[in-house]
Amino acid sequence: MNLGDRLLLGINTTITAMLIVFVVLIFLGYVIKIISLFVEKMNLNSHKSDEVDNKSEAPVLKEEFIWTQTTGSVCGELKLEAELNDEEAAAILAVIAHELRRPLNEVKIKSIKLINR
(Lines give C-alpha, C1' and ligand atoms only; values in the text may rest on other atoms or scores of the structure.)
Protein backbone atom coordinates (compact mmCIF):
# COMPACT_ATOMS: atom_id res chain seq x y z
CA MET A 1 0.00 0.00 0.00
CA ASN A 2 1.60 3.24 -1.12
CA LEU A 3 1.27 6.72 0.37
CA GLY A 4 -1.63 7.76 -1.92
CA ASP A 5 -3.72 4.75 -0.91
CA ARG A 6 -3.07 5.40 2.77
CA LEU A 7 -4.06 9.04 2.35
CA LEU A 8 -7.32 8.10 0.61
CA LEU A 9 -8.06 5.51 3.28
CA GLY A 10 -7.46 8.11 6.01
CA ILE A 11 -9.72 10.67 4.31
CA ASN A 12 -12.41 8.02 3.80
CA THR A 13 -12.23 6.97 7.46
CA THR A 14 -12.36 10.60 8.63
CA ILE A 15 -15.43 11.43 6.53
CA THR A 16 -17.22 8.24 7.63
CA ALA A 17 -16.51 8.95 11.30
CA MET A 18 -17.67 12.57 10.96
CA LEU A 19 -20.91 11.46 9.30
CA ILE A 20 -21.57 8.96 12.08
CA VAL A 21 -20.96 11.64 14.73
CA PHE A 22 -23.30 14.15 13.06
CA VAL A 23 -26.05 11.56 12.55
CA VAL A 24 -25.85 10.60 16.23
CA LEU A 25 -25.91 14.30 17.27
CA ILE A 26 -28.99 14.95 15.12
CA PHE A 27 -30.67 11.87 16.59
CA LEU A 28 -29.89 13.04 20.14
CA GLY A 29 -31.25 16.50 19.30
CA TYR A 30 -34.57 14.98 18.24
CA VAL A 31 -34.67 12.80 21.36
CA ILE A 32 -34.13 15.88 23.54
CA LYS A 33 -36.83 17.77 21.62
CA ILE A 34 -39.33 14.93 22.13
CA ILE A 35 -38.52 14.65 25.83
CA SER A 36 -38.87 18.43 26.32
CA LEU A 37 -42.28 18.38 24.59
CA PHE A 38 -43.35 15.51 26.84
CA VAL A 39 -42.19 17.33 29.99
CA GLU A 40 -43.85 20.57 28.85
CA LYS A 41 -47.12 18.73 28.27
CA MET A 42 -46.91 17.18 31.75
CA ASN A 43 -46.28 20.63 33.28
CA LEU A 44 -49.28 22.12 31.44
CA ASN A 45 -51.49 19.29 32.65
CA SER A 46 -50.37 19.78 36.24
CA HIS A 47 -50.96 23.56 36.04
CA LYS A 48 -54.44 23.04 34.59
CA SER A 49 -55.40 20.76 37.46
CA ASP A 50 -54.11 23.28 40.03
CA GLU A 51 -55.89 26.30 38.56
CA VAL A 52 -59.15 27.54 40.01
CA ASP A 53 -61.62 29.49 37.87
CA ASN A 54 -61.46 33.04 39.27
CA LYS A 55 -63.43 35.07 36.72
CA SER A 56 -65.09 37.29 39.32
CA GLU A 57 -61.84 38.41 40.93
CA ALA A 58 -59.50 41.29 40.00
CA PRO A 59 -59.03 42.20 36.32
CA VAL A 60 -56.44 40.36 34.29
CA LEU A 61 -53.38 42.41 33.35
CA LYS A 62 -51.19 42.00 30.29
CA GLU A 63 -47.44 42.53 30.72
CA GLU A 64 -45.02 43.39 27.94
CA PHE A 65 -41.33 42.80 28.52
CA ILE A 66 -38.34 44.60 27.07
CA TRP A 67 -34.91 43.10 27.65
CA THR A 68 -32.42 45.92 27.59
CA GLN A 69 -29.48 44.59 29.56
CA THR A 70 -28.36 41.30 30.98
CA THR A 71 -26.07 42.70 33.64
CA GLY A 72 -25.96 45.80 35.74
CA SER A 73 -28.76 47.91 37.10
CA VAL A 74 -31.79 48.89 35.05
CA CYS A 75 -33.88 51.82 36.12
CA GLY A 76 -37.52 50.91 35.60
CA GLU A 77 -39.87 52.83 33.38
CA LEU A 78 -43.56 52.07 33.74
CA LYS A 79 -46.53 53.44 31.83
CA LEU A 80 -49.79 52.53 33.52
CA GLU A 81 -52.87 52.34 31.33
CA ALA A 82 -54.84 50.60 34.08
CA GLU A 83 -55.63 52.13 37.45
CA LEU A 84 -52.81 50.76 39.59
CA ASN A 85 -50.89 52.29 42.43
CA ASP A 86 -47.14 51.94 42.91
CA GLU A 87 -47.48 49.00 45.32
CA GLU A 88 -49.55 46.97 42.85
CA ALA A 89 -47.11 47.73 40.03
CA ALA A 90 -44.19 46.66 42.27
CA ALA A 91 -46.01 43.44 43.13
CA ILE A 92 -46.57 42.69 39.43
CA LEU A 93 -42.89 43.36 38.72
CA ALA A 94 -41.86 41.04 41.57
CA VAL A 95 -44.10 38.24 40.30
CA ILE A 96 -42.78 38.61 36.75
CA ALA A 97 -39.16 38.56 37.95
CA HIS A 98 -39.88 35.46 40.06
CA GLU A 99 -41.58 33.60 37.19
CA LEU A 100 -38.74 34.49 34.79
CA ARG A 101 -36.17 33.56 37.46
CA ARG A 102 -34.35 36.84 36.85
CA PRO A 103 -33.24 39.49 39.35
CA LEU A 104 -35.49 42.52 39.72
CA ASN A 105 -32.86 44.82 38.28
CA GLU A 106 -32.90 42.87 34.99
CA VAL A 107 -36.67 43.10 34.42
CA LYS A 108 -38.25 46.13 32.79
CA ILE A 109 -41.98 46.59 32.22
CA LYS A 110 -42.85 48.82 29.33
CA SER A 111 -46.57 49.02 30.00
CA ILE A 112 -49.40 47.35 31.88
CA LYS A 113 -52.72 47.20 30.05
CA LEU A 114 -56.10 46.07 31.30
CA ILE A 115 -57.59 43.22 29.28
CA ASN A 116 -61.37 43.36 29.00
CA ARG A 117 -63.08 39.99 28.89
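Predicted model: local features only at pLDDT ≥ 70, side-chain atom pairs only at ≥ 80, totals over all residues.
Colleague: What is the pattern of helices and strands along the sequence?

Modeller: The protein has two helices and three strands, and reading along the sequence gives the pattern α-β-β-α-β.

Colleague: Where in the protein is confidence highest, and where is it lowest?

Modeller: The mean pLDDT of the protein is 75, with 64% of its residues reaching 70 or more. Helix α1 (residues 3-50) has the highest confidence, at a mean of 90, whereas strand β1 (residues 61-65) has the lowest, at 55. Over residues 68-75 the pLDDT is below 50, although this stretch has 13 contacts in the model beyond near neighbours in sequence.

Colleague: Why is Ile 109 called buried?

Modeller: The term buried requires a relative accessible area under 20%; Ile 109 has a relative accessibility of 4%, and therefore Ile 109 counts as buried. The place of this residue is in strand β3.

Colleague: Which residues make up the largest nonpolar core?

Modeller: That core has seven residues, namely Leu 84, Ile 92, Ile 96, Ala 97, Val 107, Ile 109 and Ile 112. Both α2 (86-100) and β3 (109-114) supply at least two residues of this core, and the largest share, three residues, comes from α2. Two of its members, Ile 109 and Ile 92, are 17 residues apart in sequence, and their C-alpha atoms lie 9.4 Å apart in space.

Colleague: How do you know that the length of α2 agrees with what its number of residues leads one to expect?

Modeller: The expected span is 1.5 Å times one less than the number of residues, so the 15 residues of α2 should span 21 Å, and as the end C-alpha atoms are 21 Å apart, the two values agree.

Colleague: Which residues of α2 are buried, and what puts them on the same side of the helix?

Modeller: The buried residues of α2 are Ala 89, Ile 92, Ile 96 and Ala 97. Around the axis they cover an arc of only 135 degrees, and therefore they are on the same side of α2. The face turned away from this buried side carries the exposed residues Glu 87, Val 95 and His 98.

Colleague: Why is Arg 101 called exposed?

Modeller: A residue is exposed when its relative accessible area is over 50%; Arg 101 has 76%, so Arg 101 is exposed. Arg 101 has its place in the loop between α2 and β3, and just after α2 this residue takes a positive phi of about 55 degrees, which is a positive value in a residue other than glycine.

Colleague: What share of the contacts with a separation of 6 or more do residues 24 or more positions apart account for?

Modeller: Residues 24 or more positions apart account for 77% of those contacts in the protein.

Methods: Residues numbered from 1 in each chain as written. Heavy atoms only, no water. Core = buried A, V, L, I, M, F, W, Y, C linked by side-chain atoms within 4.5 Å. Buried < 20%, exposed > 50% of the residue type's maximum accessible area, 1.4 Å probe, protein only. Helix = DSSP H or I, 4+ residues; strand = E, 2+ residues; numbered from the N terminus. Arc of directions from axis to C-beta. pLDDT = per-residue confidence, 0-100. Contact = heavy atoms within 4.5 Å.
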